[in-house]
Amino acid sequence: MLVLKTSYDMADIFLESFGEKHLDRTFQWIQDENLKTDFMFTALVTKEGHRKWYKQYCEDKTQKIWAVYNHDVHVGNVGLKNIDLRNKKAEAWIYVGERQIQGKHIGSNTCLLYTSPSPRDGATS
């Protein structure tokens with residue numbers, strides 16, 4: 001039996017489909033040099049470029065992004081890219097953009113929340 005011990009209550013974390021209201025905060029995070037290095041962002045990202053990316057994302061069926069909330073505050077993003085429904089595979093990614101809560105298990109708890117079966121998936125407790 002695997003027991004996860006954490007200082008954060010997973011009930012404090014929830015996901016919301018990524019939308020236009022998440023763009024400004026996400027843009028601030030992707031200006032951070034550490035995050036750019038971690039995600040291998042090499043190009044300069046402008047506000048205009050970020051909005052253009054969002055419009056493309058909205059049309060892209062091979063990606064899905066959710067905003068990560070902690071205590072009702074948007075603190076990061078999690079998503080799937082290269083979604084291949086035929087072969088049932090995708091690449092997952094996550095980042096916590098708010099530096100002051102990095103290292104507090106928000107990312108790992110989000111991964112657990114994100115990958116755990118839910119009652120709507122037919123899981124039982």
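I count Ala, Val, Leu, Ile, Met, Phe, Trp, Tyr, Cys and Pro as nonpolar, Asp, Glu, Lys and Arg as charged, and the others, Gly among them, as polar.

**Ground rules.** I'm working on a predicted model, where local features need pLDDT of at least 70, side-chain atom pairs count only at pLDDT 80 or more, and totals for chains, interfaces and linings use all residues. I number residues from 1 along each chain as its sequence is written, and side-chain values use heavy atoms, with hydrogens and water left out.

**Cavities.** I looked for cavities on a 1 Å grid over the protein atoms alone: a cavity is a set of points where a 1.4 Å probe fits but cannot get out, and lining residues have an atom within 4 Å of a point. Points are joined across faces, edges and corners, and a volume is the space filled by probe spheres set on them. I got 2 cavities of 30 Å³ or more.

The largest cavity holds about 40 Å³. Leu 23, Asp 24, Phe 27, Lys 47, His 50 and Arg 51 line it. By class I noted 2 nonpolar, 1 polar and 3 charged residues in that lining.

The second largest cavity holds about 30 Å³. Its lining includes Trp 29, Asp 32 and Arg 99.

**Pocket.** A pocket is an open set with protein on both sides within 12 Å along at least five of seven lines. The largest pocket has a volume of about 500 Å³. Of its 16 lining residues, Phe 39, Phe 41, Trp 53, Trp 93 and Tyr 95 lie nearest its centre. I sorted the lining into 10 nonpolar, 4 polar and 2 charged residues.
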